Amino acid sequence: MSRPNGTIASSGLELLTFGTPNGHKASIMLEEIKAAYGKPDYVFQSINIGENIQKEPWFTQYGPNGRIPVLIDHDNGDLGIMEGAAILAYMTRHFDPDNKFSFAKDPELSLCEQWVAWQTGGLGPMQGQANHFYRLAKERIPYPTQRYVGETERLYGILDARLKDNEYLVGNKYSIADIANYSWVNVSFFAGVDLEQFPNLHKWWQRISERPAVKKGVAVPSEPGITNGPFKEKLKNDQEFRQKHEELQEILKKAKEQYGYKYASP
Ligand SMILES: N[C@@H](CCC(=O)N[C@@H](CS)C(=O)NCC(=O)O)C(=O)O
């Protein structure tokens, strides 16, 4: 595929995205709305963030932060919206008239906003740093490794407690609060967090993973390798991968011991 260098549509919705949790928030929502209402359809472009396409002027014209995802509504003056949470809100406001994935009034409306904000301000940034220090950085540094993986575990504990007596995060209805948080929980193993430590959260993750629109959304722009499903398969079947995983887990364990990490949540 050639390198994207401009928009590809002149009407309807166009999503600029990549196979990451923040990208999945947007694509899952677009697929859910399409499945529930039969419209709108959308086109997408794969923005390889490793190639810095998201920093090019044609992209930052729509998403000034130079990060994916960005949704462009060509039918609304080519309006570009960055930030997964803002995309979820936009889709809700314009394309979810029956509040199938949102809420019309309080207390659910404010609680839904709360859990989306919590994901954007807490879970996403912390788990993003856990990814970086646990797995992606060129060197393994014990302090930030245990700090960010530990904080991600604390946040998973908050979700786990919330889901103890609730099937979904708000009002016992699947909503954008679940979509925002699911997209990150769906890549827990990549950040070094064993989801099975959190039984309520694990069941919630399984329940949401079964949704056809979620499966479709997670496969945009292409089938991912970093989500929990493929990750666990690879652990079973690929010896080299399993060895690397065990090494990283050992480094994490030692880092936690070195700094006296104690799991405490909530
Ligand atoms: N707060 C933003 C975060 C967006 C973000 O961090 N996107 C990452 C991919 S998950 C990205 O584009 N990284 C590439 C870069 O930083 O250049 C959201 O929720 O959408």
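## Reading side-chain contacts

Tutor: Let's begin with burial: Glu31 has a relative accessibility of 8%, so this residue counts as buried. Please keep in mind that the model is predicted.

Student: Which residue does Glu31 form a salt bridge with?

Tutor: Here is the general idea. Side chains of opposite charge can pair when their charged atoms come close. In this structure, Glu31 forms a salt bridge with Lys34, and their closest N and O atoms are 3.9 Å apart. The cut-off for a salt bridge is 4 Å, so this pair counts. Lys34 is partly exposed, at 25% relative accessibility.

Student: Why are Glu31 and Lys34 separated by about one helical turn?

Tutor: Because they are three residues apart in helix H1, which covers residues 21–37. Glu151 is buried, with a relative accessible area of 15%, while Arg154 is partly exposed at 32%.

Student: How many salt bridges does the structure hold?

Tutor: There are 12. One of them joins Arg3 to Glu56, with the closest N and O atoms 2.5 Å apart. For a pair like this, look up where each partner sits. Arg3 lies in the segment before strand S1 (13–17), and Glu56 in the loop between strand S2 (42–46) and helix H2 (57–60), so the bridge ties together parts that are 53 residues apart in sequence.

Student: Now for the rings. How many aromatic pairs are there?

Tutor: The count comes to 12 aromatic pairs, taking ring centres within 6.5 Å. To read a pair, check the distance between centres and then the angle between planes. The rings of Phe133 and Tyr148 have centres 5.7 Å apart and planes at 10°, so they are stacked. This pair links distant parts of the chain, with Phe133 in helix H4 (residues 108–136) and Tyr148 in helix H5 (residues 142–162), 15 residues apart. Phe133 is buried, with a relative accessible area of 16%.

Student: And what is the arrangement of the rings of Tyr168 and Tyr174?

Tutor: Their centres are 5.9 Å apart and their planes are at 70°, so the pair is edge-to-face. Tyr168 and Tyr174 are both buried, and together with Phe101 they form one aromatic cluster.

Student: Which charged end sits over the ring of Tyr168?

Tutor: That of Arg207, 5.7 Å from the ring centre. Likewise, the charged end of Lys100 sits over the ring of Tyr37, 4.5 Å from the centre.

Student: Finally, where is Lys262?

Tutor: Lys262 is in the segment after helix H10 (239–258). At 71% relative accessibility, Lys262 counts as exposed. Sequence and space can be compared here as well: Lys262 and Gly84 are 178 residues apart in sequence, and their C-alpha atoms are 32 Å apart in space.

Conventions. Residues are numbered from 1 along each chain as its sequence is written. This is a predicted model: local features need pLDDT of at least 70, side-chain atom pairs count only at pLDDT 80 or more; totals for chains, interfaces and linings use all residues. Side-chain values use heavy atoms; hydrogens and water are left out. Rings of Phe, Tyr and Trp (its six-membered ring) pair if their centres lie within 6.5 Å; planes under 30 degrees apart count as stacked, over 60 as edge-to-face and the rest as tilted. Helices (H or I, at least four residues) and strands (E, at least two) are DSSP runs, numbered from the N terminus. Buried means under 20% relative accessible area, exposed over 50%, partly exposed in between (1.4 Å probe, protein chains only). A charge sits over a ring if NZ of Lys or CZ of Arg is within 6 Å of the ring centre and within 35 degrees of the ring normal. A salt bridge is a side-chain nitrogen of Lys or Arg within 4 Å of a carboxyl oxygen of Asp or Glu.
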